[in-house]
Amino acid sequence: MAPTTLQPVADTGANATLKKPVTEAISNGEVPQQESAGELIDAGDDDDGDDDCTAEGNGADTTVEGKKKKKKKKSKKKKVEQSEPPRIGLSKLFPSGIYPEGELQDYKDDNSYRTTSEEARYNEKLANEDPETRYNDIRRAAEVHRQVRRSARKFIRPGMAMTDIANYIEDATRALVEANGFESGIGFPTGLSLNHCAAHYTPNAGDTVVLQQGDVLKVDFGVHVNGRIVDSAFTLTFDHTYDKLVEAVKAATDTGVREAGIDVRLGELAGHIQETMESYEVEVGGKTYPVKPIQNLSGHSINKYQIHGGKSIMLVKNEDDTKMEEGEYFAIETFGSTGRGRIVEGGECSHYAKRVDAPHVPLRLTSAKSLLKTINTHFGTLPFCRRYLDRVGESKYLLALNHLVQQGIVQDYPPLCDQRGSMTAQFEHTILLRPTRKEVVSRGDDY
Ligand SMILES: [Co+2]
């Protein structure tokens, strides 16, 4: 998910109508109540994964080591493999309960000492022992993300309904993360923004959009474990027209990841991203387009149960001298466009989140009161979409939902689109600024 800075811009009439900078739904690190929401766990959970084999070597317990060498082949440990579609909870694939570390990158320059620093190592050990900050939760969420997207990449094809694509990803996520109230589940609605739309589109009930061969699809989905959210996204195309655009954005995100670090200033980091992005162009039908970074979208820090943590990494160099700090999580996400390089809100809204700083105002509308209760029970401050309200049994809630938005209790996140006819792409990783090293938790062999 991407926060925006939607300042009125002189040369577009459209921006003038925008009321709410999406960025402001931010601040103090309040955590939603941990009451178990009894989130529905999908049918997929009654999986076949109950077989006794396990991933980490202790599975083939029928084998007696040293005996019957000839039968070596047979005694080979059977590894539990993920099903297709993915339905096997990660606890069955990782019986040790230890999840793989992401890609490690050493800090540079003034912070290169950290890799071997005793103090940094000690701080890291402490962070890892504290249930509030241990790294295993984010790594479990990241492994779910990798497995779900590996399958989704194979599954998603032109001709499919967007609703089916969203359900595919969400059913898989719920099964693999073993969704359980606020302990683990979906981190935010599955973004499936198409073409000139860069972010915050997911189908609502009744949506009839079907994926087309020439589409540029941004798949942006989130997984959380104990409120630690992995926010990671990639772009899919089904022919080669926009290969250069996709390459540019992938490279720009990798630049952002590489240049991020403790004490790095956000405005300078944006400059590195911009430089990479602008070094590409894309030729479509004999016309050449520069790839522009979208100037009013940004990466962001991530707090527990709070997708937009308060710090923003713009995609164009600026004077923000705010620094990244030890222990922080960031979603490094970049967007490139063949259009204006600026988004405006447009289209039917699907994404919402209760504001972390929601005021305590008395609600006179009974339906709004009741809807807020549902939101508190199932989502807390995690973003949700209309489909998620449908599946927990809400209906005819639009008036109530709009009331909560008007009261400043819920933030709406409408689709964010560049000019029609342009194409936009996105890549995004979640990184953790550990004391000794940077960990790119969502890195996979795909991006
Ligand atoms: Co994001």
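Predicted model: local features only at pLDDT ≥ 70, side-chain atom pairs only at ≥ 80, totals over all residues.
Helix axes here are lines fitted to C-alpha atoms over the stretch in contact, and the angle between two of them runs from 0 to 180 degrees between N-to-C directions. Helix 8, covering residues 366–378, packs against helix 10, covering residues 398–406, at an angle of about 80°, and the two axes sit 8 Å apart. Because angles of 65 to 115 degrees count as roughly perpendicular, helix 8 ends up roughly perpendicular to helix 10. On the helix 8 side, the residues involved are Ser367, Ala368, Leu371 and Leu372, and they meet Leu399, Ala400, Leu401, His403 and Leu404 of helix 10. Sorted by type, the residues of this contact come out as seven nonpolar, two polar and no charged.

Stepping back to the whole protein, there are ten helices and 18 strands. The chain has 447 residues, and 47% of them are buried. As for who touches whom, 78% of the contacts with a separation of 6 or more are between residues 24 or more positions apart.

Two histidines come up in the UniProt record. Its unreviewed entry lists His200 and His308 under "binding site". The pair is spread over 109 residues of sequence, yet the two cluster in space, with a largest C-alpha distance of 13.7 Å.

His200 sits in the loop that links strand 3 (197–199) to strand 4 (216–225). Since 20 or more C-beta neighbours within 10 Å make a residue buried, His200 counts as buried because it has 29 of them inside 10 Å. Leaving aside residues up to four places away in sequence, His200 touches Gly191, Ser193, His351, Tyr413, Pro414, Pro415 and Leu416.

His308 is a loop residue too, placed between strand 9 (298–302) and strand 10 (312–314). Its count is 27 C-beta neighbours inside 10 Å, so His308 is buried as well.

Glu283 gives a contrasting picture. This residue belongs to strand 6, which spans residues 281–284. Along the chain, Glu283 and Asp243 are 40 residues apart, while their C-alpha atoms are separated by 9.7 Å.

How values were computed
Residues numbered from 1 in each chain as written. UniProt positions renumbered as here; feature names shortened; annotations may be inferred. Helix = DSSP H or I, 4+ residues; strand = E, 2+ residues; numbered from the N terminus. Buried ≥ 20, exposed ≤ 12 C-beta atoms within 10 Å, placed from the backbone. Contact = placed C-beta atoms within 7 Å. Parallel < 35°, antiparallel > 145°, perpendicular 65-115°, else oblique. Nonpolar A, V, L, I, M, F, W, Y, C, P; charged D, E, K, R; others polar.
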